[in-house]
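Dear colleague,

I am handing over the structure we spoke about, with some notes on what was found in it. Please read them with the model open beside you.

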Amino acid sequence: MYALIAGTGFDRFFKPLEEKKIKTPYGTVTVYTLKVKNKKIYYLPRHGIDHSLAPHLINYRANIWALKSLNVDHILSLCAVGSINENFKPGNFVLIRDILDFTKSRISTFYDGQEQELKHLDVSNLYSDFLGKNIEDFLKNQGQQVHQGIYVATEGPRFETAAEIKFYRQIGGDVVGMTGAPEVFLARELNLNYNSLALVTNLCTGIGHGPVDFVSSFDLYQDLLENLLDYLSELNVRNLPDTKFI
Ligand code: HPA
């Protein structure tokens, strides 16, 4: 079974069929079902169905726990990002390969010695190669350009200062978003295959001219993304990651 977690901009064009309330040790989560051709997949609009949850207020632990408890084994995350890399333009797709985590106030583990014992997670290979390869093949076959990039996770909800972006660029960041962490870490802790496909919506502060300007190119991709969901739902391979703790 696989699930889609969709962020800003993407959430408005997926129409949920049913909803289930899932109780977790971290709170109750509403998980929706989407119909993809004639199959069903689970769906979580990351900011809530009414887009009211700021990035730092999302209950990431409850979300991932709820999906795991529904026997989800693969998660596709769709997110909007700003670009620091001049080769990644608004409207381009970027598959995330690794992450620089600059979030500040979020609980980023299940294994903190409270509900679960204390463990240290190996994060050397966070993003699923299996999903990444399939997403890339699909998009390239559709004539889309797909970049690979390093995601910088910021706290938000404000955008970054020009000085922050200059720093993130110097340390190797390609794109910036507010929700990639701790979602990917929690998914790995529960042994889920996770990958994130980002759509560049803007150039980051100080990269473009003037203030951050969101490009709403999402609607252009509605059919493409529905076909991607359909394509992924056909994949039967169950090569789950081997989560390592120390
Ligand atoms: N910064 C942080 N998050 C974002 C941006 C940005 O420029 N664009 C879309 N999400």
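Helices (H or I, at least four residues) and strands (E, at least two) are DSSP runs, numbered from the N terminus. This is a predicted model, in which local features need pLDDT of at least 70 and side-chain atom pairs count only at pLDDT 80 or more, while totals for chains, interfaces and linings use all residues. Residues are numbered from 1 along each chain as its sequence is written, and side-chain values use heavy atoms, with hydrogens and water left out.

To begin with the pocket: on a 1 Å grid over the protein atoms alone, a pocket is an open set of points where a 1.4 Å probe fits, with protein on both sides within 12 Å along at least five of seven lines, and its lining residues have an atom within 4 Å of a point. The largest pocket has a volume of about 260 Å³, a volume being the space filled by probe spheres set on the points, which are joined across faces, edges and corners. Its lining consists of 21 residues, and Thr8, Ala80, Gly177, Met178 and Phe214 are the ones nearest the centre. Two or more lining residues come from each of β5 (74-83), β8 (175-177) and β9 (193-203), and β5 gives the largest share, namely five residues.

Next, the strands around β3. Strand β2 (residues 18-24) runs antiparallel to β3 and is joined to it by seven bridges, where strands count as paired if DSSP finds at least two bridges between them. Ile22 stands opposite Val29 in β3, and two residues separate β2 from β3 in their hairpin. On to strand β4 (residues 39-45), which pairs with β3 in the antiparallel sense over five bridges, with Val36 and Lys39 as bridge partners. The hairpin of β3 and β4 also has two residues between the strands, and Lys37 in this turn has a positive phi of about 50°.

Tyr32 lies in β3, which spans residues 27-36, and is buried, with a relative accessible area of 9% (buried means under 20%, with a 1.4 Å probe and protein chains only). Not counting residues up to four places away in sequence, Tyr32 touches Pro16, Glu18, Glu19, Ile41, Tyr42, Tyr43, Pro45 and Ile49, a contact being heavy atoms within 4.5 Å.

Finally, Thr179 sits in the loop between β8 and α4 (180-189). Thr179 is buried, with a relative accessible area of 7%, and its contacts beyond four places in sequence are Arg46, His47, Pro55, Ile58, Tyr60, Arg106 and Tyr151.

With best wishes

Technical notes
Buried < 20%, exposed > 50% of the residue type's maximum accessible area, 1.4 Å probe, protein only.
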